[in-house]
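This report describes the helices of one protein model and the packing between them. Please keep the sequence and the structure in view while reading.

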Amino acid sequence: MDDPFAVFGLEREFEIDAAVLRSAMLRLTAQTHPDRYTDPIEQAEAAERSAAINRAYAELKDPERRARALLLLRGHVIDEKASPPPALLMEVMEMREAMESAIESKDSAALAGLRADAETQRGERLAAIAAAFQRDDLEAVAGQLQGLRYVERMLEQMPG
């Protein structure tokens, strides 16, 4: 795996300034744009560099992907087949049932409330991930990522 932080010259930290990241991406993209070159080989190399910049940017701008990248860079492999804790499964199941009920009954107020709750949970999990990285507790990061993934998927599937 390439180090997306190195692409932009950033410290390997979970919390990064989105404006700094975007500025670095725009600067590097302008410097490596294939149109700046006339030689076909240089254009191809510039296209590869631009693609690497775009991949690194996509990875770092998304908190879940950024956390996963940091875990891998720190040598922590996430067991994708590991079962989530029973409490998390119950929480997710209850949220999904409430969402399905609100969708079925076309209850926009209930859906708005569920969306607000999910956004709050998302923020809490991101804060917990940042705190766990600060403590260098990579197991806690992995656990919070598991919960974050469920919240993110629910938000994606929620209408409106």
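At the start of H4, which backbone nitrogen does a side-chain oxygen of Asp 62 reach? A side-chain oxygen of Asp 62 comes to within 3.2 Å of the backbone nitrogen of Glu 64. This is a predicted model, in which local features need pLDDT of at least 70 and side-chain atom pairs count only at pLDDT 80 or more, while totals for chains, interfaces and linings use all residues. Residues are numbered from 1 along each chain as its sequence is written, and side-chain values use heavy atoms, with hydrogens and water left out. Helices (H or I, at least four residues) are DSSP runs, numbered from the N terminus.

Helix H4 covers residues 63-73. Of its 11 residues, 8 are buried, so H4 is largely enclosed by the rest of the structure. Buried means under 20% relative accessible area, exposed means over 50%, and partly exposed lies in between (1.4 Å probe, protein chains only). The buried residues of H4 are Pro 63, Glu 64, Arg 66, Ala 67, Arg 68, Ala 69, Leu 70 and Leu 71. They pack against H1, H3, H6 and H7. Leu 72 is also found in H4, but at 47% relative accessibility it counts as partly exposed. Leu 72 and Asp 3 are 69 residues apart in sequence, yet 9.7 Å apart in space, C-alpha to C-alpha.

How do H3 and H4 cross? Their axes come within 5 Å and cross at roughly 105 degrees, which makes H3 roughly perpendicular to H4. Axes are lines fitted to C-alpha atoms, for helices over the stretch in contact, and angles run from 0 to 180 degrees between N-to-C directions; 65 to 115 degrees counts as roughly perpendicular. In this contact (heavy atoms within 4.5 Å), Arg 55, Ala 58, Glu 59, Leu 60 and Lys 61 in H3 meet Pro 63, Arg 65, Arg 66 and Ala 69 in H4. The residues divide into 4 nonpolar, no polar and 5 charged. Here Ala, Val, Leu, Ile, Met, Phe, Trp, Tyr, Cys and Pro count as nonpolar, Asp, Glu, Lys and Arg as charged, and the others, Gly among them, as polar.

**The nonpolar cores**

A nonpolar core is a set of buried Ala, Val, Leu, Ile, Met, Phe, Trp, Tyr and Cys residues joined through side-chain atoms within 4.5 Å. The largest has 25 residues, and Phe 8, Phe 14, Leu 71, Ile 129, Phe 133, Val 141 and Leu 145 have the most contacts inside it. H1, H2, H3, H4, H6 and H7 each supply at least two residues of this core. A second, separate core of 10 residues includes Ala 102, Ala 118, Met 154 and Met 158.

Ile 129 touches Phe 14, Ala 67, Val 141, Gln 144, Leu 145 and Leu 148. Gln 146, which lies in H7, is buried at a relative accessible area of 15% and touches Ala 82, Ser 83, Pro 84, Pro 85 and Leu 88.

**Residues with a positive phi**

Most residues other than glycine have a negative phi.

| Residue | Phi |
|---|---|
| Gly 75 | about 80 degrees |
| Lys 106 | near 55 degrees |
| Asp 136 | near 60 degrees |

Lys 106 is in the loop between H5 and H6 and, at 73% relative accessibility, counts as exposed. Asp 136 is in the loop between H6 and H7.

Note on methods: Parallel < 35°, antiparallel > 145°, perpendicular 65-115°, else oblique. Polar contact = N/O pair within 3.5 Å; in protein donor to acceptor, adjacent residues only side chain to side chain. Lists of a residue's contacts leave out its neighbours within four places in sequence.
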